[in-house]
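Hi everyone, thanks for coming. Let me put the structure up, and then we'll walk around it together.

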Amino acid sequence: MIVRQLGCCSFLLLVFLTGRVQAAEISDAVAQPSIVLIIDDVGDNLAQGSAALTLPGPVTYAFLPHSPFGPRLARRAFESGKDVILHAPMENTHDRPLGPGALTTDLSQEAFTRVLAADLDDVPHVLGLNNHMGSLLTTLEPQMQWVMALARQRGLFFVDSRTTAESIAWKVAQQQGIPSLQRDVFLDHEQTTEFVHQQFLRTIAIARRHGSAVAIGHPYGVTVEYLRLALPLLDEQGIRLVTASALIMERQDQLRLAQLQASEE
């Protein structure tokens, strides 16, 4: 395909020019759009996880609980100034295996909270959490209430990976006053350079339209290789790469400012 046939410099130019074309077609209402990049499923594979941690800039990494390399990689991510979050395994509608620390519908509230607390304790320097799978669990209000109760207790934020359009996780988080974000784009459910490229450009377009976008990828070789080349170009296009916690803080500051201005009127 055309992207694979290009040399390194031509490939970078392609990403840059395509982004510029999209920028010209979209309203410039947002002065400095932001992108949050989350890399899921870190911890099971040391080589893949280590490669993913070399991505430039403020990337957010989601670590599987009780994984063989999760704690070591989480400490390295923290030392590099990255965001560390828990990638909490949640029951799905396809009976796919979840691994250790799974949150399932057969757990009582007490057991559910105990499992989630142990998952969080397993990931050093954790700032928040998102769901791993969860196409069933994220549609259930009681379980999402339990998640948000523990998030509030520990001062954590939540990112809804939106593995199903029926997810109510973000809505429940908002109702409970939990700082939260929603996934806009999955970068690599097709593991080809061409697909990752198109999804990355889609992320940029969403950020330009709405002020920010949240993209989720995985530590696949094709994803890491692409992002290592593409992320440094964001600044040239007027796009900021920020961690999940930074975007949440910015939104909270904007809300407080708007409330202050409203009270003065």
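Here is a question to start with: which residues line the second largest pocket? Before I answer, a word on what we are looking at. This is a predicted model, where local features need pLDDT of at least 70 and side-chain atom pairs count only at pLDDT 80 or more, while totals for chains, interfaces and linings use all residues. Residues are numbered from 1 along each chain as its sequence is written, and side-chain values use heavy atoms, with hydrogens and water left out.

Now the answer: the lining consists of Trp170, Ala173, Gln174, Gly177, Ile178, Pro179, Ser180, Ile248, Arg251, Gln252, Leu255 and Arg256. Two elements give two or more residues each, α7 (169-175) and α10 (244-264); helices (H or I, at least four residues) and strands (E, at least two) are DSSP runs, numbered from the N terminus. The largest share, five residues, comes from α10. The space in this pocket is about 290 Å³.

By pocket I mean an open set of points on a 1 Å grid over the protein atoms alone, where a 1.4 Å probe fits, with protein on both sides within 12 Å along at least five of seven lines; lining residues have an atom within 4 Å of a point. Grid points are joined across faces, edges and corners, and the volume is the space filled by probe spheres set on them.

On to the largest pocket, at about 380 Å³. Among its 19 lining residues, Arg96, Met133, Thr163, Phe186 and His218 are the closest to the centre. β1 (34-42) and β4 (128-133) each supply at least two lining residues, and β4 gives the largest share, three.

Ser212 lies in strand β8 (residues 212-217). Is Ser212 buried or exposed? It counts as buried because its relative accessibility is 12%, and buried means under 20% relative accessible area, exposed over 50%, partly exposed in between (1.4 Å probe, protein chains only).

Last stop, helix α5 (residues 109-122): its 14 residues reach 20 Å from first C-alpha to last. Buried residues here include Phe112, Leu116 and Leu120. Their cover includes β3 (83-90), β4 and α6 (141-154).

Notes:
The expected span of a helix is 1.5 Å times one less than its number of residues. Contact means heavy atoms within 4.5 Å.
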